[in-house]
Amino acid sequence: MAVTVGEYDNTFETPGKRAPLVVGDHDFASVTEAVCNVNERPMREMPLIWYVLFGIAVALTGVLFGSIGYLFLTGVGVWGVKNPAGWGFAIINFVFWVGIGHAGTLISAILFLFRQTWRTAINRFAEAMTIFAVICALIFPGIHVGRVWVVYWMLPLPNQMAMWPQFRSPLLWDVFAVNTYFTVSLLFWYVGLIPDLATLRDRASGFRKWAYGLFALGWTGAARHWHRYERAYLILAALSTPLVLSVHSVVSFDFAVSQVPGWHTTIFPPYFVAGAIFSGFAMVLTLAIPTRALFNMKDIITLRHIENMNKIILLTGTLVGYAYAMEFFIAWYGQNPNEKFIFIARAFGPYAWAYWTMISCNVIFPQLFWFKAIRTNIAITFVISLLVNVGMWFERYVIVITSLSQDFLPSSWDYYWPTTLDWLTFIGSFGLFFTLFLLFIRFLPMIAIAEIKGVMPQARAGHDQADGGH
Amino acid sequence: MPSLTESESGRKTYWRSLNELGQTPEFRKFLESEFPNLAREMSGASRRRFLQIMGASFALAGAAGCRWPKENITPYARRPQNRTPGVPVHYATASEREGVATGLLVRSYDGRPIKVEGNPLHPDSLGGAGSLEQAAILELYDPDRSTQARQRTGQGATARPTEAALAALRAAVNAQRSTGARLAILSEASGSLILAEARDRLMAACPQARWFEYEPLSRDNARGGTRMATGRPLRPHTNFDQADVIVSFDEDFLHQHPAASANTRRYAAHRTADDGTMNRHYQIESTYSLTGANADHRYAEKPSDVPIRLLQLAAALHAAHVRLPADLVAQLGDLPEAPAYIKEIAGDLHQHAGHAAILVGPRQAPAAHAVAVALNAALGGEVVTYTAEGDPQRGSHMDNIRTLAGLLERGEVDTVVILGGNPVYTAPADLDFGAKLAKAGLSVHLSLFDDETSARCTWHVPAAHYLERWDIVRGWDGTASIGQPLIAPLYGGLTPAELLDRSLGGTADGYTLTRARFNGAFGSDQKKWESALHEGVIAGTAAARVTPTLSGDWSAIVPGARRQAGGEGYELIFAADKLHDGRYANNAWLQELPDPLTKLTWDNAALLSPNTARDLDVRQDDVLAIEVDGRKLSLPAFILPGHADGAITLPLGYGRTAAGGVGDGMGVDTYRLRTSGSPYLATGASVRKTRQTYQLATTQDHHAIESEVGNQEVFDRAPKLIREVSLATYKADPHAVAHLAHSLPLVQPFGDHAFPDKHRWGMTIDLAKCTGCSACVTACQAENNIPVVGKREIIMGREMHWMRIDRYYSTTTDEMQDLADPSKVQVRQQPVTCVQCENAPCEQVCPVAATVHDQEGLNVMVYNRCIGTRYCLNNCPYKVRRFNWFWNHHGPYHPRSDGEWAQQELYEVQKLGFNPEVTVRSRGVMEKCTYCTQRIAAVRIAARNEQREIAEGEIMTACQQACPADAIAFGDLRERTHRVAREQESDRAYVMLEDLNIRPRTKYLAALRNPLHDTPAGGHGGGHDAGHDDHGHEADGHAASHS
């Protein structure tokens, strides 16, 4: 096994030479060993912190399903939603989790198509994170309806009433967009997993061999397999790319298509997509930084990866900041009095605390990433990634709540307070997310082993220079 | 049929529902022995069968308005004449409150009264019916109503048959035959001819018995005042048809008045300026009344200054050469200097002499009423007229209760019969009536509820609700009406007359008594009886007018009106609100009805002005400690702009302790500060802030959402939403209303939707007529099975009312800071319900097509398709959609539930009150106003079957029918000659939020105000749009791209 060099700074650009994406004295075998070790070590050798986190996460998952059970038994009134604010935490959380789920496909598809080879170190668990985030997201629109027992009426199922869903409703577009996104992301993730599952199968015995073997679909590593695999992967990447842009555009239509002041703005689709990528990368960092430390992955998820992600956060954070500014500009320039008021009220009204939380987390702190010293400082990066997560949640809070609370007729204005149940459900969704993620870390290779080998120098032995000109 | 709930065993039993009761072994035994057949039917929860039995037994009415007087259980095997199951029947009846009847029409389905409407033929209703009348249905089916007689001894309460109570009473009366000196009867005020006759019979049998009449909210001051001025008690009537100038001193003639419905109808008719003129209304008052909210000029004065203003007005009128009695003028010498407005009012009055009225409210001292009589007489004309007021021998209500308390205290009375009312709760605090009542050997309380007074009496006897009894009652103008039962007494309740009759050994039922009395008074002509039943009024029975002759000694009277304030301290005003004197405390519709001004529900609060609040360093929801004459009370503060400074209004009727599951513990009992000496206005109160706070539940102006930018926005936005112009402006520029907001070019890219050959339902709401009384809100609730959600849910902002009255404050100066000046505060009110947009924003966002458009242009809600995404609620700019967050009729926070998990079933008796034409919505669905689609359908089907067109006015929505002001018009917009279509084309018509291009079918007609010295406002018409210029002309063009 290779020696881990700790925090090796591979962020310096040396002209004419590619910075290494895997550091330390790794060869193919040691990479396989390093990644598979997490899956293959006996349970008792899993770090204590994994157990602690898993325990908390499972408990919170219990809280989630307990809250949902109470909700189903009693009614949506257990939440803080009320007359002007028909939507509250459930929709905020939905948009939040869908946003988180953006980084995975972006990394797998768009960065793949753009030949950003550094993605290989993080794509696997970014994709896993996407799947889990979308699972969390999908819970909320399901449970937030008043009569959950007929929620399937949103699906275009043939029925004796000959009733179809109403295709003009953005909520219906949501159903299609998010489900498509989930399906394609899952498929993409699974296809990418097949060679690695085969690796695990080949190293395992007994039940594990059978289980990994089942999902490895008889992968033998034959050239023909590789050929088909590469093609399939490329096609899926091409299919996913528009989805990255479409899913959050459609989610933003929930707001933009309505006529609520503060929602009815044309900037929403690009603004939501930028925000989603922003939050998705922040969540990848939030997960990657502890994970790489915990499981000795610093050689594979290197400082350079982190710095690259920080650059994307800086870019998307700035885009989001621009969108915030543009909303204000249009509210003033458009001279629609209702719209103008809602933006003034966001900044100076009763929800100003939420607005300024959002601004500082999303616009101000990420600007620190202009400095390389901060981009390459793991601790600060981690803190900022957490802040961005908070900020992006508050962005959805500001959009959903402030707009609904103070719309056209002042007689119906009211302040939205979340209830305990709102909080429990929200926190519980993190429980589910982390439960799934911690199980993933334990049972599936968190790094794309086959792919990472392709970006190691050994893979290019003999034609190093020719490839380096890329 | 004896009551279903009588218990022979007499054991102490309490139950909370018929259902529960039906399962008790005692009851089973009783039932099996008495009604073997019924026993089987009563065993399960077979509501249908229960209804059939109930219906068959007592609802076998013959011709309209005539009920089968025999009471037999008959199967429904043969259909009675004129009755088709499921087809509603209307009966005329009359309710009575404080001795004044209101004529009503009640709709009944299969023997169940479901909906109360005003009787258009009744002179005090003219078709309108207020919230209190509308809410009677809920009272009738209240599961907390007393179901049986109870005897209370030292050991507690025991359920007994009513006959046992009557036997005890009979024995006591017999023991005092021909004397009756130790017998006292305390009655509610009543104009009932039947009760009067029973009283006469009782007094004949026991000539020395004492008869007292007490009402906590009495109009005795007017009675006393007219007696002072003319030598006999008179009842003043204001003919608003002839009043061009109305000056009201603390008189809430549009709301807290026995003839409020008729007053509102006539007053409102002169607020629309259809002929270019309208009345001018000055209001001088301390608290902010609904009447004050409608005034053209309103002056907030401390209670002690109100009578001074009246005297100053008298002096000013004298100065304006209005001829007043010389000795009255002589008393007006050294008055303090009058504010400028008094002289202006006097000038206006003088100019309109003969068409002017001065009204004085019931809180004002008798002397003020006396002065008003003189002033009205001096102004001449037929505007204020008088009729004789009841029994001239009767002492004032306050004297009565004081005398009775004295008799009880001294032990001079040992049998007390209390006919209705709740004197233990409502009697002045200084009398300590409850403790004194306990000294009587036998006390019998006849009432709907086993309430505070029942708890202090030895016997409680359940009373019949007015929808269960026969009676002949008199309206405010004296017109007699037959009070006809819609249903047999659910619990064997008795009327006061029946109780007296029984106590004298009689056995006659209410029908016999009523019929006999009718024959005696109006002739035994069967036709006349039938016509009286059918019409709801007995023709030609209005009281004769009395022309008063001034005979008062003004040197004695005027000093009474000049009673000065008690120096230091705050002044207190005891006011009635929607619970009236507290008798409706257990009525959840009324508890949850937002107060027209404060929008408070479920609680009362100390109402005070912003300045007073600042002086006391009090914010909303802070608890105040009020002390007056050594009596202390703590209650939350509510800041009401426009309230007079230095005074505090304390609404009565809350804080009941034995009202029932709904009313108990709601609010604070302000009777505890009310003394027999100063029952309406108290002075010298000390008020301080405590450290406690209390969360009040309002349906508007939620405290947490308030912010500086928001408040300014509300102030600026309100004039565009609730439009109002002055009369002069309107006359100078008929399009002034349209100019109040810039309209944008509205494009319909795909053309207008045609509604070919179909009705196009539409509505107009005339804000010039609307007073904001909220009768429509309750009417809508009753008609459409709208649930009550409870205080916690109101705080959560989840009221379910389909109709609401939006209320915004504005100022006469259009400066927001003047909200602190009580006399400059104005109120704008607007009923809002679904406006049935043709381009409905709710429809396109529903993912399951649960809200769609029908061919007649209605935006309909398909409850059983709705999955409850609430997207429609978000996208509705009027926020008129209401969501069922729980099983609302018995949700966890419903006032009758007691815990988060309580998904209790409704009591069977509650289910009787639902309108069978309207779906009772389940948890998780959206609902909203449907323009009463069930009423439309009923008429449409009938018209189609009869192959005729639907006539104008044939379909009335519930809100329209209830509206005392006739402010709401509804009908087919295709019929250009119909009122609704004409009004939609009116110059005053406007569409709220027109620039959203959602094309509502409801239009509003702008309100008018008619201030003195009115000049046309230039430019934009209103002249009161402070925030307007910020938006600018050039900028508004851009807003089009948004809409």
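Strands pair where DSSP finds at least two bridges between them. Helices (H or I, at least four residues) and strands (E, at least two) are DSSP runs, numbered from the N terminus.

The model is predicted: local features need pLDDT of at least 70, side-chain atom pairs count only at pLDDT 80 or more, and totals for chains, interfaces and linings use all residues. Residues are numbered from 1 along each chain as its sequence is written, while chains are lettered from A and ligands numbered from 1 in the order in which they are written.

View 1. Chain B holds 37 helices and 39 strands. The chain has 1043 residues, and 60% of them count as buried (20 or more other C-beta atoms within 10 Å of the residue's own; exposed means 12 or fewer, partly exposed in between; C-beta atoms are placed from the backbone). Among contacts in chain B with a separation of 6 or more, 75% join residues 24 or more positions apart; a contact here means C-beta atoms, placed from the backbone, within 7 Å. The domain bounds come from an automatic or database domain assignment. Domain 1 of chain B covers 149–218 + 396–535, and domain 2 covers 220–388. Domain 3 of chain B runs over 564–698, and domain 4 over 705–743 + 759–1037. Over C-alpha atoms, the centres of domain 1 and domain 4 of chain B are 43 Å apart.

**View 2. The contact between chains A and B.** Chain A contributes 51 residues and chain B contributes 51 residues. On the side of chain A that touches chain B, two or more residues come from each of α6 (170–203), α11 (337–348) and α14 (378–405) of chain A. The largest share of that side, six residues, belongs to α11(A). By class, the side of chain A that touches chain B has 26 nonpolar, 19 polar and six charged residues. Ala, Val, Leu, Ile, Met, Phe, Trp, Tyr, Cys and Pro are taken as nonpolar, Asp, Glu, Lys and Arg as charged, and the others, Gly among them, as polar.

**View 3. Ser707(B) beside chain A.** Ser707(B) sits in the loop that joins β27 (697–698) to α26 (708–721) of chain B. Ser707(B) is partly exposed because 18 C-beta neighbours lie inside 10 Å. Neighbours within four places in sequence aside, the contacts of Ser707(B) are Ala345(A), Gly349(A) and Pro350(A).

**View 4. Nonpolar cores.** A nonpolar core is a set of buried Ala, Val, Leu, Ile, Met, Phe, Trp, Tyr and Cys residues joined through C-beta atoms within 7 Å. The largest nonpolar core has 437 residues, and those that touch the most other members are Val284(A), Leu310(B), Ala314(B), Val371(B), Leu572(B) and Ala606(B). Helix α9 (residues 268–294) of chain A supplies the largest share of this core, 15 residues. Beyond four places in sequence, Val284(A) contacts Ala103(A), Ile122(A), Ala126(A), Met129(A) and Met309(A). Another core, of six residues, lies apart from the largest one and includes Ile330(A), Ala331(A), Phe341(A) and Ala345(A).

**View 5. Sheet β1-β2-β3 of chain B.** This open sheet has three strands in the order β1-β2-β3, with antiparallel pairing. The edge strands β1 (89–97) and β3 (112–118) of chain B have a single partner strand each, so one side of each lacks a neighbour in the sheet. From one strand to the next the twist averages 40°, where axes are lines fitted to C-alpha atoms (for helices over the stretch in contact) and angles run from 0 to 180 degrees between N-to-C directions. Six bridges join β2 (residues 100–109) of chain B to β3(B) in the antiparallel sense. Leu104(B) has Gly118(B) of β3(B) as its bridge partner.

**View 6. Sheet β8-β13-β19 of chain B.** Three strands form an open sheet in the order β8-β13-β19, with antiparallel pairing. At its edges, β8 (234–238) and β19 (545–546) of chain B each pair on one side only. Two bridges link β13 (residues 384–388) of chain B with β19(B) in the antiparallel sense. Thr387(B) has Arg545(B) in β19(B) as its bridge partner.

**View 7. Strands β10 and β11 of chain B.** Strand β10 (residues 280–285) of chain B pairs with β11(B) in the parallel sense over four bridges. Gln283(B) is opposite Arg298(B) in β11(B). From β11 (residues 297–300) of chain B, His297(B) and Tyr299(B) point one way, Arg298(B) and Ala300(B) point the other way, and all are buried.

**View 8. Two glutamines with positive phi.** Gln335(A), a residue other than glycine, has a positive phi near 55°. Gln335(A) belongs to the loop between α10 (303–334) and α11 of chain A, and is buried, with 21 other C-beta atoms within 10 Å. Gln947(B) likewise has a positive phi near 55°. Gln947(B) belongs to the loop between α33 (933–945) and α34 (958–962) of chain B, and is exposed, with 6 other C-beta atoms within 10 Å.

Technical notes
Two residues are in contact if their C-beta atoms, placed from the backbone, lie within 7 Å.
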